[in-house]
Amino acid sequence: MAITGLFLCLFLVIHLLGNFQLLLPEDEAQLQYNAYSAFLSGNILVKIIAYVLYISIILHSIDAIYLSFKSRKSKKTRYRYDARKRASKWYSRQMMLLGVILFAFLVIHFYDFWYPFKFGELPLDQQGNKDLYQLVIASFQNIGYVGWYSVAILALFFHLLHGFFSAFRSLGLYHPYYAQIIKLIGVIFSLLMCIGYLGIPIYIFISR
Amino acid sequence: MKLQLKIWRQNNPDDLGRFRNYKLTELNPAMSFLEMLDTLNLQLIKNKEQPVEFDHDCREGICGQCGVMINGIAHGKPKNITTCQLHLREFKDGDTIVIEPFRAKAFPVLKDLKVDRSAFDTLIASGGYIGVETGQAPEANTTPVPQEIAEQAFDAAACIGCGACVATCKNESAALFVGAKISHLAALPQGKAEREKRVLNMVNRMDELEFGHCTNTEACQVECPQDISVLHIAKMNYEYLRAKLKK
């Protein structure tokens, strides 16, 4: 869980950096973003990392299902009067729910962008690359899409808020000072990812 | 003061159990929670009813015997205390208090508020000790232990094994209990000799006993009477990975 989760965190950073190209001036953004997408799909090293990514998502999900299955309650072990929630954060207890939202988002995200780019027919830009840029911009001009995207990114924010520090704990980071630092880095990382991923569609929705 | 009590009554482990309501008048706010239960039991015995069974021993927060869910919280609302350290002054006159046993697959209810926590003993027997020759107590200074290491070990050793961590955890995990033991013994020279064997055995046994998996919600430390740090769980994870890699 921890290793796949941290790998996915690393991927989030790379993906966000790539997405920032969408914020360039329109003409430049189109050519550069499409060229970047073409480069990613053509590079063997990127392909290998992509497969590691798919495997990570699957393993992370399987592990989550296993953990939820293991902690399911029988009638005998369920409290009739339960106020235990005061002891922990809601997002720490609801990692599975947040994860399900993220998984649904990923399926839709793959269907909307990854599938048409890999297997669909897309118009070409001036440089002869598939015009993924226009597809992305069109999606981000749809209020419904931006709304759903924002919900998923907020789910990601809370998922990371717990997941980031929790991963380090699971890997055995027990030093009080460094555990504190990692918790702080986790909060900053979650905020940065949230602002970055939310900012791009909102900016495009408002400005285009 | 007066209190309404809603207490879980269950005749035996197979019984489905139910809440029963009781009313107590003429209570003193200086009474401890367990003294209040004693008062109730006296009343029940006088009325030729079955008294409420609950675990207790030292009544000074050391033995870890008393442990019930009070208004849905292990050991009641004040943080880092045991049930016997809870006093009626924490409640308002006329309050209703819901009292339930600790619930977990590994802690079956025996009767009323009494649960079988022998799974903790099984865990300790699987490695929560050091293998030394018995006989006379050795001279204390033969094995030097630096002060800060002794303090770290003692912080973990302060666990009284009450089971509030398991009762509070949404996954019913015993990670804080086992983590404290692993961390305590791995810190000291006497415990280092068996650290790999100990952590592997105890963690595996924890799974076998149907304790859940730790997902780091940190709820256990909040309700722990000794405020045992969740970082001991991280230390257990470290020791486990270290032992696995060494193997």
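I began with the secondary structure of chain A, which has eight helices and zero strands, where helices are DSSP runs of H or I with at least four residues, strands are runs of E with at least two, and both are numbered from the N terminus. Read along the sequence, the pattern is α-α-α-α-α-α-α-α. I am working with a predicted model, in which local features need pLDDT of at least 70 and side-chain atom pairs count only at pLDDT 80 or more, whereas totals for chains, interfaces and linings use all residues. Residues are numbered from 1 along each chain as its sequence is written, and chains are lettered from A, with ligands numbered from 1, in the order in which they are written.

I then looked up the overall dimensions: along the principal axes, the C-alpha atoms of chain A fill a box of roughly 65 × 35 × 30 Å. Of its 208 residues, 23% count as buried, a residue being buried if 20 or more other C-beta atoms, placed from the backbone, lie within 10 Å of its own.

Next I turned to one helix pair in chain A. Helix H1 (residues 2-19) and helix H7 (residues 143-170) of chain A pack at an angle of about 140 degrees, their axes 9 Å apart; axes are lines fitted to C-alpha atoms over the stretch in contact, and angles run from 0 to 180 degrees between N-to-C directions. That angle makes H1(A) oblique to H7(A), the class left over once angles under 35 degrees (roughly parallel), over 145 (roughly antiparallel) and 65 to 115 (roughly perpendicular) are set aside. I noted that Ala2(A), Gly5(A), Leu6(A) and Cys9(A) in H1(A) meet Gly163(A), Phe164(A), Ala167(A) and Ser170(A) in H7(A), contact meaning C-beta atoms, placed from the backbone, within 7 Å.

I went on to the contact between the chains, which takes 27 residues from chain A and 30 residues from chain B. H7(A) gives the most to the side of chain A that touches chain B, with three residues.

Last, I checked helix H9 (residues 231-246) of chain B. Its 16 residues should span 22 Å at 1.5 Å a residue, and its end C-alpha atoms are 22 Å apart, which agrees; the expected span is 1.5 Å times one less than the number of residues. Among the buried residues of H9(B) I listed Leu231(B), Ile233(B), Met236(B) and Tyr240(B). What covers the buried residues of H9(B) includes H7 and H8 of chain A, together with helix H3 (147-157), helix H5 (175-187) and helix H7 (195-208) of chain B.

Note on methods. Two residues are in contact if their C-beta atoms, placed from the backbone, lie within 7 Å. A residue is buried if 20 or more other C-beta atoms lie within 10 Å of its own, exposed if 12 or fewer, and partly exposed in between; C-beta atoms are placed from the backbone.
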